[in-house]
Amino acid sequence: MIAELGHVALVLAFGVAIVQMVVPFVGAQKGWSGWMAMAVPAASLQFLLIAAAFAALTYSFVTSDFSVRLVTLNSHSAKPMLYKVSGVWGNHEGSMLLWVLIVALFGAMASWFGSGLPPRLKALALSVQAAIGVAFLAFILFTSNPFLRLAQPPFDGQALNPLLQDPGLAFHPPFLYLGYVGLSMAFSFAVAALIEGRVDAAWARWVRPWTLAAWIFLTIGIALGSWWAYYELGWGGFWFWDPVENASFMPWLFAAALLHSAIVVEKREALKSWTILLAILAFGFSLIGTFLVRSGVITSVHAFANDPERGVFILMILGVFTGGALTLYAFRASTMEAKGVFGMVSRESALVFNNILLAVSSIVVFIGTIWPLVAEMFFDRKLSVGAPFFEAAFTPFMVVLAIALPFGALMPWKRAKIGRLMRPLVPALVLAVLVALLAWTMQTERTILGPVGFLLGAWLVGGAATDLWSRLGRGPIGGRLGRMVRLPRADWGRVTAHAGLGVVFMGISGLMAWQIEDIRVAQSAAPFEVADLTVTMNEVRQEQGPNYLTTVADITVRGEDGNVIALLQPEKRVYPVQAMPTTEAAIHNGFWRDIYVVIGDKQDGGGYAVRTFIKPFANWIWAGSLIMALGGLLSLSDRRYRVAAGATRRTAVRGVPAE
Amino acid sequence: MKRLILALMILAASPALAVNPDEVLDNPALEARARDISAGLRCVVCQGENIDESNADIARDLRLLVRERLVAGDTNEEVVDFIVERYGEYVLMKPTTGGANILLWGAGPALFILAALGAMVYLRRRSTSTGPGSDGLSKDEQARLDELLGK
């Protein structure tokens with residue numbers, strides 16, 4: 001019964017979305033304010049109906065109603081409650097329902113908090129947003145109905161993939177989707193502005209917080225996914241350049257470009273048509289990501305829910321929305337007159353450079369991701385494009401970005417002089433060189449990656465500190481510190497996010513350059529040495545979890561002085577329902593390094609296979625990502641957005657608890 | 001009974017580690033080369049994993065094959081060629097630059113140069129629309145600019 005109600009609510013939402021798409025659009029063309037105003041209640045109603053459908057599906061999962069096909073396929077009565085709930089979106093149908101729920105949520109928020117918007121722009125934007133909703137609701141209703149019943153309900157379900165039964169991954173999809181779909185707001189406003197033929201500072205002030213919010217969610221979502229891969233997959237990799245990861249990384253790069261170029265529109269009324277193009281591309285790449293993941297066209301580690309027949313439908317949605325928007329852009333972009341005038345060396349041109357680097361690097365990721373497909377279709381070659389390609393082709397752009405960033409952040413608008421910029425940055429440069437030299441002398445192996453990564457990372461952090469210092473004016477230190485409190489949040493946000501990027505640089509290069517690995521057969525109570533550590537496996541025992549059996553090892557890690565640093569319990573689990581083994585690495589998290597232990601099989605000659613890793617600076621990667629997200633939040637809470645758009649503050653606050 | 005089920009379950013489980021201790025070569029230099037090579041070879045039945053990370057049996061066979069060739073005195077290139085000959089270029093995680101792959105490798109740099117040129121033209125236009133000043137273009141530059149802009 002509840003499932004049927006959910007289905008009905010979804011059908012009704014489809015109808016409401018069609019009304020919301022058509023009526024305000026006609027109203028905006030004819031200038032009928034009543035028709036335009038229709039968008040507001042329709043947006044709320046559409047959201048409520050989809051929320052009801054989502055609640056119905058969640059109810060079916062929580063109560064383990066195995067007459068619903070989706071629940072049978074993805075849940076099990078013995079599963080912990082958290083994973084019953086996360087099972088709702090841990091599959092194709094449910095995740096698409098979550099997707100439209102968020103599309104409707106963003107539309108509803110724009111209608112609730114957009115009272116300050118010009119009525120025509122608002123009506124058009126909500127109409128475009130509804131069109132996205134219509135397309136995906138049709139996709140769900142016609143190809144991926146989550147509410148299908150089974151004629152003969154089984155006794156129990158088939159359970160969720162054990163790899164997905166993890167708190168890190170339970171919240172990974174909602175964050176990613178909030179990010180992907182958040183970019184739909186920028187897209188809707190971009191298309192609305194193209195139809196209107198007008199882009200101004202007020203438009204940018206509206207679009208930027210949505211983009212920023214989407215970018216924050218994507219940052220957290222990507223970081224959660226990478227953290228999950230690090231501790232769950234059993235060898236401590238954090239990024240695999242897997243197509244599904246790339247699918248989230250491309251929109252992230254475009255969102256980063258967009259939120260920088262929107263500043264130029266907002267402050268200087270320049271780069272307008274470029275910003276519109278970026279808004280279209282950012283959401284276009286979200287759709288491409290959805291297509292790659294959902295169609296299974298490129299299968300990968302993550303493709304748990306792929307279905308080739310559905311791919312065509314999503315490809316059509318992708319074609320209609322990006323193709324349509326780009327056509328509209330081709331006709332209307334020339335009407336966007338730029339006002340601001342600026343020199344070759346200025347903050348504006350620095351932001352143009354930033355945009356080129358981010359957009360081109362994103363396209364490199366895109367080409368690498370689809371190349372196996374292209375090569376097979378057009379050149380009859382079956383080949384792979386793996387991590388080594390991306391490391392070689394993508395990294396140079398990030399190196400250039402890191403070198404240029406502190407200069408760009410310090411540049412004034414309109415016109416700058418390189419010589420004058422260099423002087424305040426000298427301390428940051430000295431710091432970076434010292435850090436790199438320290439890294440060079442301390443490392444045991446002679447790698448170039450570690451010191452260079454630390455040079456760039458320290459340069460970014462030092463550059464951010466210089467940026468902050470330069471905003472505090474002149475005079476004695478006391479006065480400067482006093483002014484720090486009154487600095488706009490946007491300045492704090494910029495400085496924090498840029499410093500976070502530096503921390504990520506150091507984390508990635510440190511981990512990749514200086515990781516130590518030890519593989520051996522460990523006998524009970526026979527200590528062995530890994531670098532400066534002494535590792536002892538004391539006991540191995542079998543235990544039973546709520547829905548799995550596990551082999552647990554008790555491992556003691558001692559330092560050089562013989563003191564116990566960590567007691568670790570790596571596990572090897574078997575989930576009987578799926579007959580699937582998973583490794584649960586035991587990790588001792590530290591500021592400088594993680595100690596990461598995995599237990600393997602029992603060996604014929606006695607003892608167990610044990611893999612011990614020392615992973616330097618691993619946590620810096622996720623800490624840096626969170627610092628970047630925090631920077632975004634600070635910027636989002638800037639006074640000018642609170643005044644301009646109350647909506648965004650709510651979006652921001654929603655992100656906080658899950659950090 | 002419960003113990004028996006437990007034991008069976010654990011026996012049924014596939015190996016949880018990629019590189020197992022019995023595969024590791026005694027010679028650390030050779031082993032390091034083997035790890036390097038393995039990281040660049042794809043496990044053909046897996047989804048985007050290299051053989052160094054994969055638990056699959058075929059990945060283990062390939063890892064052993066790599067080590068066998070190394071012990072026999074092959075260079076890194078010879079080992080990779082040996083495996084590519086048998087499994088095709090699909091096993092290479094880093095695609096070659098030959099043939100159409102030049103598009104893959106060249107796209108990034110080419111796009112960057114194009115975008116940078118486009119931006120230069122745009123920035124020049126924006127910075128000179130202030131009117132004639134010290135930053136004005138020379139005759140040659142103006143001619144080149146007109147040509148680029150297709151005037």
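What follows is our chat about helix packing, domains, the chain contact and confidence.

Modeller: Keep in mind that this is a predicted model.

Colleague: Fine. Why are α10(A) and α20(A) called roughly antiparallel?

Modeller: Helix α10 (residues 201-232) of chain A and α20(A) cross at roughly 165 degrees, and their axes come within 9 Å. Angles over 145 count as roughly antiparallel, so α10(A) and α20(A) get that label. The crossing of the two is left-handed.

Colleague: What makes the contact of α10(A) with α20(A) nonpolar, polar or charged?

Modeller: Its residues divide into 16 nonpolar, four polar and no charged. From α10(A) the contact takes, among them, A:Trp215, A:Ile216 and A:Trp227, and α20(A) brings residues including A:Trp622, A:Leu626 and A:Leu633.

Colleague: And how do you know how α16(A) and α17(A) run relative to each other?

Modeller: By the angle again. Helix α16 (residues 418-442) of chain A packs against helix α17 (residues 449-470) of chain A at about 155 degrees, with the axes 8 Å apart. The cut-off is over 145, so α16(A) and α17(A) are roughly antiparallel to each other. Their crossing is right-handed.

Colleague: Which residues make that contact of α16(A) and α17(A)?

Modeller: α16(A) contributes residues including A:Leu425, A:Leu429, A:Ala432 and A:Trp440, while among those of α17(A) are A:Phe454, A:Trp459, A:Gly462 and A:Gly463. By class the contact of α16(A) with α17(A) has 18 nonpolar, five polar and no charged residues. Gly counts as polar, so A:Gly462 and A:Gly463 belong with the polar ones.

Colleague: What makes α6(A) oblique to α9(A)?

Modeller: Helix α6 (residues 92-113) of chain A and helix α9 (residues 172-196) of chain A cross at roughly 45 degrees, their axes coming within 9 Å. Roughly parallel needs an angle under 35 degrees and roughly perpendicular needs 65 to 115, so α6(A) is oblique to α9(A). α6(A) passes α9(A) in a right-handed crossing. A:Trp99 and A:Phe106 are among the α6(A) residues in the contact, and A:Tyr177 and A:Met185 among those of α9(A). The count by class is 12 nonpolar, three polar and no charged.

Colleague: How do you know where the domains of chain A are?

Modeller: The domain assignment gives domain 1 (1-165) and domain 2 (516-619). Their C-alpha centres lie 43 Å apart. The contact takes eight residues from domain 1 of chain A and seven residues from domain 2 of chain A.

Colleague: Then the two chains: how many residues are in contact?

Modeller: 44 residues of chain B are in contact with 51 residues of chain A. On the chain B side, α5(B) gives the most, with 12 residues. That side has 26 nonpolar, 12 polar and six charged residues.

Colleague: Where in chain A is confidence lowest, and where highest?

Modeller: Chain A averages a pLDDT of 86, and 95% of the residues score at least 70. Confidence is lowest in helix α22 (residues 647-655) of chain A, at a mean of 41, and highest in helix α20 (residues 618-636) of chain A, at 94. Residues 645-659 of chain A stay under 50, with 28 contacts beyond four places in sequence.

Notes:
Residues numbered from 1 in each chain as written. Chains lettered and ligands numbered in written order. Predicted model: local features only at pLDDT ≥ 70, side-chain atom pairs only at ≥ 80, totals over all residues. Helix = DSSP H or I, 4+ residues; strand = E, 2+ residues; numbered from the N terminus. pLDDT = per-residue confidence, 0-100. Domains from an automatic or database assignment. Axes fitted to C-alpha atoms, helices over the stretch in contact; angles between N-to-C directions. Left-handed = near helix turned anticlockwise from the far one by under 90°.
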